[in-house]
Amino acid sequence: MDIMQREIAILKKGLVELKLNQIDSVIPKFQQYLEVLYEYKNRIHLISHRDYTRISLKHFLPSLVVLPLLGHIQRACDIGAGAGFPSVPIKILRPEIEFTLFESVKKKASFLQYLIERLGLTKIQVVNMRAEDYKDENFELILIRAAGALKKLVPTVYQLLKPNGMAIFYKSPNINKELEGAKQVIEKYRFVLDVKETLTPVSHEALALVSLQKQSG
């Protein structure tokens with residue numbers, strides 16, 4: 001079994017674990033996604049080199065664990081989108097969501113634009129700038145997987161979220177120290193904090209989903 005076949009087999013198993021029912025219809029998009037990642041492997045640093053043999057385990061499937069939390073949102077953004085995780089896998093499963101991908105590194109932003117075109121995705125845009133400098137829109141959902149410390153991102157999240165909107169941070173289970181360091185700024189902006197501990201599909205590694213909900217008024 002080659003790398004592509006192994007990745008797709010793991011992906012299918014994980015999608016079943018996540019109780020998703022449109023598996024066959026989304027597999028071609030994920031195959032294309034893998035092809036683009038392999039194509040860029042030696043061109044720019046998107047993921048760790050060893051992760052190119054475990055993209056489904058480390059990136060595709062962990063990205064999708066938030067799906068049960070999303071509800072009927074219409075507009076979302078991804079801060080520090082990088083290789084497209086978690087937003088692009090979610091977009092493949094939830095094509096109706098309108099996504100904005102913030103990526104300040106020009107080469108990575110160009111990669112994301114190429115990826116979107118190759119996958120034929122619509123209602124998704126790449127913004128080549130820092131999220132804190134973007135003041136045009138308000139979002140119902142913000143996704144943050146690898147964009148830095150929670151404490152530093154709270155003001156940006158507040159600026160971008162609509163009232164009652166929610167930001168979800170993908171974090172390791174050892175989150176207590178980081179939350180303690182962010183406690184003051186979370187209280188300052190009156191966010192409602194919630195932490196959901198979960199396991200990634202197939203590999204069953206611990207993951208913490210830290211959500212901050214902006215209060216209305």
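Student: Where is the place of Ser56?
Tutor: Ser56 sits in helix α3. Helices (H or I, at least four residues) and strands (E, at least two) are DSSP runs, numbered from the N terminus. The model is a predicted one, in which local features need pLDDT of at least 70 and side-chain atom pairs count only at pLDDT 80 or more, while totals for chains, interfaces and linings use all residues. Residues are numbered from 1 along each chain as its sequence is written, and side-chain values use heavy atoms, with hydrogens and water left out.

Student: Is Ser56 buried or exposed?
Tutor: Ser56 is buried, with a relative accessible area of 0%. Buried means under 20% relative accessible area, exposed over 50%, and partly exposed in between (1.4 Å probe, protein chains only).

Student: And which residues is Ser56 in contact with?
Tutor: Leaving aside neighbours within four places in sequence, Ser56 is in contact (heavy atoms within 4.5 Å) with Glu7, Ile10, Leu11, Leu61 and Pro62.

Student: New topic: at what angle do α1 and α2 pack?
Tutor: Helix α1 (residues 3–17) and helix α2 (residues 23–39) pack at about 140°, with their axes 10 Å apart. That makes α1 oblique to α2. Angles under 35 degrees count as roughly parallel, over 145 as roughly antiparallel, 65 to 115 as roughly perpendicular and the rest as oblique. Axes are lines fitted to C-alpha atoms, for helices over the stretch in contact, and angles run from 0 to 180 degrees between N-to-C directions.

Student: Which residues of α1 and α2 make the contact?
Tutor: Among them are Ile8, Leu11 and Leu15 of α1, and Val26, Phe30 and Leu34 of α2. The residues of this contact divide into twelve nonpolar, one polar and three charged. Ala, Val, Leu, Ile, Met, Phe, Trp, Tyr, Cys and Pro count as nonpolar, Asp, Glu, Lys and Arg as charged, and the others, Gly among them, as polar.

Student: What about rings: how many aromatic pairs are there?
Tutor: The count comes to ten aromatic pairs. Rings of Phe, Tyr and Trp (its six-membered ring) pair if their centres lie within 6.5 Å; planes under 30 degrees apart count as stacked, over 60 as edge-to-face and the rest as tilted. Phe60 and Phe85 form an edge-to-face pair, 5.9 Å centre to centre with 70° between the planes.

Student: Which parts does the pair tie together?
Tutor: Phe60 lies in helix α3 (residues 55–63) and Phe85 in the loop between β1 (75–79) and α4 (87–93), so the pair ties together parts that are 25 residues apart in sequence. Phe60 is buried at 0%, and Phe85 counts as buried at 6%.
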